[in-house]
Amino acid sequence: EQHHKNLDFIFDFMGYNVRSTNLNASVGIEQLKKLDNSIRIRKENQKLFNELLKDNPKIELQKINLDETSSFCLPIILSSSEKRDLLLVELPKFGIECRPIISGNLIRQPVFSHKLKGKYRNDICEKADKIHDRGMYLPNHQFVDREKVQYMVDKINEVLKRN
């Protein structure tokens with residue numbers, strides 16, 4: 001079974017939890033000073049993105065409580081895997097970074113389904129499968145502004161209208 005078209009987001013082996021270096025920690029401390037403003041921008045982007053796409057029948061928006069999250073990306077679930085795969089190919093042509101929702105259904109990742117076969121339960125996870133097959137991320141960070149959100153939505157609608 002092909003798990004994702006983009007092999008950058010396949011988990012094929014167990015990894016390690018590596019701790020930060022002192023240099024990384026000092027950079028992180030400085031970045032924390034910018035955190036509140038970055039979170040505010042991300043939340044505004046998410047609200048606008050959801051408002052602009054809420055009536056598109058080909059898209060399901062992730063239910064996000066913006067009181068509890070900073071919206072690190074702009075996630076969508078398409079009505080079919082073909083539409084998701086089409087957007088993953090077409091949006092980069094317009095300069096829009098996008099990717100499958102990272103990991104999707106972990107049970108379907110090679111690290112669990114091939115290398116450790118028999119050691120983990122193989123449950124049916126309908127919602128995780130839906131995300132795995134039809135979900136994708138678009139960028140959201142403090143350098144994405146209203147104009148860029150509108151551009152992404154316009155290109156999503158343009159591509160989906162053609163197909």
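Mentor: A disulfide is a covalent bond between the sulfur atoms of two cysteines. Here a disulfide is counted when a pair of cysteine sulfur atoms lies within 2.5 Å. This is a predicted model, in which local features need pLDDT of at least 70 and side-chain atom pairs count only at pLDDT 80 or more, while totals for chains, interfaces and linings use all residues. Residues are numbered from 1 along each chain as its sequence is written, and side-chain values use heavy atoms, with hydrogens and water left out.

Trainee: How many disulfides does the rule give?

Mentor: The count comes to zero disulfides.

Trainee: Is Cys98 buried or exposed?

Mentor: Buried means under 20% relative accessible area, exposed means over 50%, and partly exposed lies in between (1.4 Å probe, protein chains only). Cys98 has a relative accessible area of 13%, so Cys98 is buried. Cys125 counts as partly exposed because its relative accessibility is 23%. Of the 163 residues in the protein, 35% are buried.

Trainee: Which elements does the protein contain, and in what order do they run?

Mentor: Helices (H or I, at least four residues) and strands (E, at least two) are DSSP runs, numbered from the N terminus. The protein has six helices and four strands. From the N terminus on, the order is α-α-β-β-α-β-α-α-β-α.

Trainee: How does one describe two packed helices?

Mentor: One gives the angle between their axes and the distance between the axes. Axes are lines fitted to C-alpha atoms, for helices over the stretch in contact, and angles run from 0 to 180 degrees between N-to-C directions. Helix α2 (residues 35-53) and helix α6 (residues 146-162) have axes that come within 10 Å and cross at roughly 30°. Therefore α2 is roughly parallel to α6. Angles under 35 degrees count as roughly parallel, over 145 as roughly antiparallel, 65 to 115 as roughly perpendicular and the rest as oblique.

Trainee: Which residues of α2 and α6 meet?

Mentor: Contact means heavy atoms within 4.5 Å. In α2, Asn45, Leu48, Phe49, Leu52 and Leu53 meet Arg146, Val149, Gln150, Val153, Ile156 and Asn157 of α6.

Trainee: At what angle do α3 and α6 pack?

Mentor: Helix α3 (residues 81-90) packs against α6 at about 125°, with the axes 10 Å apart. The angle therefore makes α3 oblique to α6. Lys83, Leu86, Leu87 and Glu90 of α3 form the contact with Ile156, Val159, Leu160 and Arg162 of α6.
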